Amino acid sequence: MDWDWTFVGEIWPVLLEGAVVTVEATLLGMLLALAGGLVLVVLRRSSNKLVSRPASLFVQFVRGTPLLVQLYFLFYVLPDIGILLPPLVAGVVGLGLHYSTYIAEVYRSGIDNTPAGQWEAAKACNLTPFQTWRHVILPQAIPPIIPALANYVVAMFKETPLLSAVTVLEIMGRARGIADYNYRYLEPMTLVGAFFLAASLTAAVGLRYLERRFAVQH
Amino acid sequence: MINWLGYIQLILQGAGITAALTVVGCLIAFPVAFVAGLGRISRHAIVRAAATVYIEFFRGTSIFVQLFWVFFVLPLVGIALTPFVAGAAVLGLNVGAYAAEVVRGAVIGVPRAQREACIALNLSRFQALRHVILPQAFVVMLPTFGNNAIELLKATAVVSVISLSDMTFQAQLVRNQTGATAIPFFTILLIYFAFALVISICFRALEQRLVRGLDGVR
């Protein structure tokens, strides 16, 4: 096994293009997960059981099954009922939905930690449910959970290589292509590993900053 | 007419592999988590450093990348593992790294007075850990261990890409042979979900058993 720097020189621009797709998928997945998680948590708190029960079941089901299989489901089953998603869209929807169920739990912890008096005060001020959420609950519930949310974004970033299984050409997809074509696995796989390691070590520093910045004051 | 019975059997065979992989993976992850988690709070800087490198490495590089690396790159240095061994090892080491943080957090979380009492009673460090600290910390770890085990179950789907015939692999096989997509994928989603439920029920039962007799201690 010998490391070939000229080969590295040839392949890194291709991997870099893949890295851009990886970051795109992460950011889009993040937006979807943040919005989806909010919808799920509001649905789960609904007093109507016909709304809250299915939402809970959905969260449990998605959390209990592998992301890879969910991606296959979106990629192979939906076209049969006429919904043909491009690979990247299927991948982003899969990532976003999967992580929205985790993020819903994070929102829930933030909302549960908002004092009950705030709900009562909102009611006393005659605010509508939307106004209560928008102006009273969420502005207090969100800041303390920002580090936990960021943690899941990092976790999601590390799961993006799964998208290569539904033919998205993110960094792992490109690396697999290069490796299969040249029959050299050492350099592409190691570079991808190094990319993720560098990114998550950087993210760990950022997370520590967020934890200090949004620390709950006692 | 498609012979569904045969295909269901194929998927059930895959379910057996998935279950075996989950169990073996957990058996690897469990001791690894304790060694690495306690290593991170060791008195010796070298042990701490080694444990930190292991944990950061396995948490920082995606499991998908690790699996490819072990399966395609290690044979180049003469370590050729069968897909099952490669899969179980990567799953165990990866989830072990996450669980190590759980061990560390739970051990640190044991109240300081307990340690001081151990010193006052002249217990050796090992005795203190074995009889005082771990029994209390273990109960705290259990629920998160349950989540880790479910994460491991979900991660087993990834081994299908290194041609190990687990449940996801078999579903793909059925899709290739029959062209049907909804039935194989929905079937395996349900089986994964059932497995996840079994794991969480087992851990909850175990927790209830272990908490027995701890009233008043915490």
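Guide: Start at Asn48(A), which caps the N-terminal end of helix H2(A). One of the side-chain oxygens of Asn48(A) lies 2.9 Å from the backbone nitrogen of Leu50(A). Keep in mind that this is a predicted model.

From that cap, follow the helix along. H2 of chain A covers residues 49-63, 15 residues in total. From its first C-alpha to its last, H2(A) reaches 21 Å, close to the 21 Å expected at 1.5 Å a residue.

Now look at which side chains are tucked away. In H2(A), the buried residues are Ser52(A), Ala55(A), Val59(A), Phe61(A) and Val62(A). What covers them? Within chain A, the cover includes helix H1 (5-44), helix H3 (67-77) and helix H4 (87-112). Chain B takes part as well, as helix H8 (182-211) of chain B is also included in that cover.

That brings us to the place where the two chains meet. Here 34 residues of chain B are in contact with 33 residues of chain A. Between them the chains bury about 3,100 Å², and 76% of this is on carbon and sulfur atoms. The interface has zero salt bridges by the rule used, while 11 residue pairs are found in polar contact across it. On the chain B side, helix H2 (45-60), helix H3 (63-73), H6, H7 and H8 each supply at least two of the residues that touch chain A. H8(B) gives the most, with nine residues.

Step back to chain B as a whole. Chain B has eight helices and zero strands. Its C-alpha trace spans about 75 × 45 × 20 Å along the principal axes. Of the 218 residues in chain B, 45% are buried. Among its contacts between residues at least 6 apart in sequence, 77% join residues at least 24 apart.

Asp166(B) sits in the loop between helix H6 (125-155) and helix H7 (167-178) of chain B. Is Asp166(B) buried or exposed? Asp166(B) is buried, yet it has no salt bridge. The nearest side chain of opposite charge belongs to Arg176(A), 13 Å away. Leaving aside residues up to four places away in sequence, Asp166(B) touches Gly14(B), Ile17(B), Thr18(B), Thr156(B), Ala157(B), Val159(B), Ser160(B) and Tyr192(B).

Methods
Residues are numbered from 1 along each chain as its sequence is written. Chains are lettered from A and ligands numbered from 1 in the order in which they are written. This is a predicted model: local features need pLDDT of at least 70, side-chain atom pairs count only at pLDDT 80 or more; totals for chains, interfaces and linings use all residues. Side-chain values use heavy atoms; hydrogens and water are left out. Helices (H or I, at least four residues) and strands (E, at least two) are DSSP runs, numbered from the N terminus. The expected span of a helix is 1.5 Å times one less than its number of residues. Buried means under 20% relative accessible area, exposed over 50%, partly exposed in between (1.4 Å probe, protein chains only). Contact means heavy atoms within 4.5 Å. A polar contact is a pair of N or O atoms within 3.5 Å; within protein, one must be able to donate a hydrogen and the other to accept it, and residues adjacent in sequence count only if both atoms are side-chain atoms. Lys and Arg count as positive and Asp and Glu as negative; His and the chain ends are not counted. A salt bridge is a side-chain nitrogen of Lys or Arg within 4 Å of a carboxyl oxygen of Asp or Glu. Buried area is the accessible area (1.4 Å probe) that two parts lose on being put together, summed over both.
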